[in-house]
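Hello,

Please read them with the structure open beside you.

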Amino acid sequence: MKLRFLTALALAMTALAMMAQNNVAEEVAWVVGDEPIFKSDIEEQYQQVLSERIPIDGNPYCVIPEQMAINKLFLDQARIDTVEVQQSAISSEVESRINFFIANLGSKEKVEEYFRMPMPRLREKLNEMYSEQYCIQQVQSELTKNVKATPADVQKYYNSLPKDSLPYIPMQVEVQIITINPVIPQQEIDEVKARLRDYAQQVNSGEREFSTLAILYSQDQATAVYGGETGFQSRSVLLPEYATAAFNLNDNKRVSNIVETDDGYHIIQLIEKRGDRINTRHILLRPKVSDKDLTDALSRLDSVRNDIMAGKQTFDQMAFYISQDKESRNNNGNMLNEKTHSSRFEMADLPAEVGKKVYSMKAGDISEPFVMVNPKTRREQVAIVKLVKRIDGHKADLAEDYMIIKEMCEGEAKGKIIDDWVAQKQKSVYVYIEEGWRNCDFKYDWLKKGK
């Protein structure tokens with residue numbers, strides 16, 4: 001398992017590692033607007049493609065720089081549209097990725113050694129990569145936001161597909177879940193609040209900077225490295241209790257009272273308001289769950305499972321009455337896949353602990369109680385799951401996989417919109433291709449501009 005991870009990690013991040021050791025001369029190959037594309041950039045991308053064994057339809061020294069040029073067109077449009085990067089989301093993604101590296105390579109030092117760059121530089125590169133991806137996605141989303149396929153569109157699209165080109169759908173499952181959050185002793189909550197009051201006092205008295213305390217003590221890893229800064233957020237994106245407290249702040253030298261959310265306990269400092277958006281710093285602390293509390297919660301769920309198995313209650317009923325999972329409780333305990341907005345999950349999309357249980361279960365089976373980490377709040381909770389349905393891998397079928405076929409249909413329509421946009425965008429952006437990089441069968445007609 002470890003070797004498979006390390007292989008995948010090496011393949012996925014080859015380009016990052018090369019950034020620190022690449023000795024290819026900085027020769028300009030393309031210019032898009034005022035942005036150069038260096039030969040070294042193309043070489044890095046090519047090495048990544050080779051490592052990941054990604055098939056390239058054509059000459060890589062034509063395909064790769066053209067795709068890089070297309071990305072620069074989207075980034076240019078993002079600047080024109082003043083697309084604002086959701087820094088908190090980017091930071092969260094970066095920290096999640098770094099924590100993943102640390103967990104599998106063993107330590108921060110080993111991560112730095114592997115990528116041949118210090119941790120701040122690695123964060124900076126990842127932040128840059130994810131920020132650019134975000135901007136490109138926002139522009140594309142805006143261009144294609146009105147694409148909606150009707151059932152008739154989907155039927156027509158499905159009928160037009162050659163049967164041997166239908167995608168293979170990996171095994172999927174439908175799962176119900178009941179979760180209980182262990183009771184946290186009041187003493188533990190009081191200790192967390194006392195620490196937060198102490199931090200607030202230090203800031204309000206001018207003894208220490210809020211950002212310093214956030215770096216040192218906040219348990220929100222995504223923002224702690226940025227001194228607790230969340231980036232500009234709208235009220236709808238923030239947790240309701242957090243939003244209410246944050247928007248009521250007017251003095252950026254003072255700290256809020258303690259705010260409780262599903263994520264834990266916070267203190268908040270205002271940085272700036274811009275209309276209906278706000279930028280804040282926060283320090284998050286989460287009370288710890290004791291072993292006894294976990295054991296008690298496991299015992300309670302074990303009794304619930306026994307009642308269901310004995311036919312005294314149904315899983316659906318118990319999910320509605322006792323489950324503390326907000327997303328599934330009012331849906332008979334059915335888990336919802338946030339990626340596809342359906343009840344079906346590929347195994348890799350399930351929370352890790354749930355996937356381990358479901359893997360060996362049969363339809364109708366109910367698991368023993370187990371401990372899992374809530375992927376949103378990062379708090380320990382206990383759960384039982386029921387495997388409702390297992391759909392074996394198969395060629396896509398309209399009746400069974402309507403939503404997947406619908407996404408394919410809409411994807412084709414979106415692709416045409418984006419192709420047309422790129423062709424039009426070329427006319428308003430300066431593009432120059434150096435001699436030696438022009439002898440290509442490009443997807444788009446760059447050469448009539450790049451003389």
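Predicted model: local features only at pLDDT ≥ 70, side-chain atom pairs only at ≥ 80, totals over all residues.

**Strand β4 and its partners**

Strand β9, which covers residues 344–346, pairs with β4 in the antiparallel sense, and three bridges join the two. Strand β4 also pairs with β11 (residues 380–391), again in the antiparallel sense but over nine bridges, and in that pairing E174 has K389 of β11 opposite to it.

How many of the nine residues of β4 are buried? Nine of the nine residues in this strand (172–180) are buried, so β4 is largely enclosed by the rest of the structure. Its residues point two ways, with Q172, E174, Q176, I178 and I180 directed to one side and V173, V175, I177 and T179 to the other, and the residues of both groups are buried.

**A sheet of three strands**

There is also an open sheet in which three strands lie in the order β2-β1-β13, with antiparallel pairing. Its edge strands, β2 (35–38) and β13 (431–433), each pair on one side only, and the twist from one strand to the next averages 20°. Within this sheet, β1 (residues 28–32) and β2 are joined in the antiparallel sense by four bridges, and W30 is found opposite I37 of β2. Helix α4, which spans residues 60–80, packs on the sheet and touches β1 and β2, while its direction makes about 155° with that of β2.

With best wishes

Technical notes
Residues numbered from 1 in each chain as written. Heavy atoms only, no water. Pairing = 2+ DSSP bridges. Axes fitted to C-alpha atoms, helices over the stretch in contact; angles between N-to-C directions. Contact = heavy atoms within 4.5 Å. Buried < 20%, exposed > 50% of the residue type's maximum accessible area, 1.4 Å probe, protein only.
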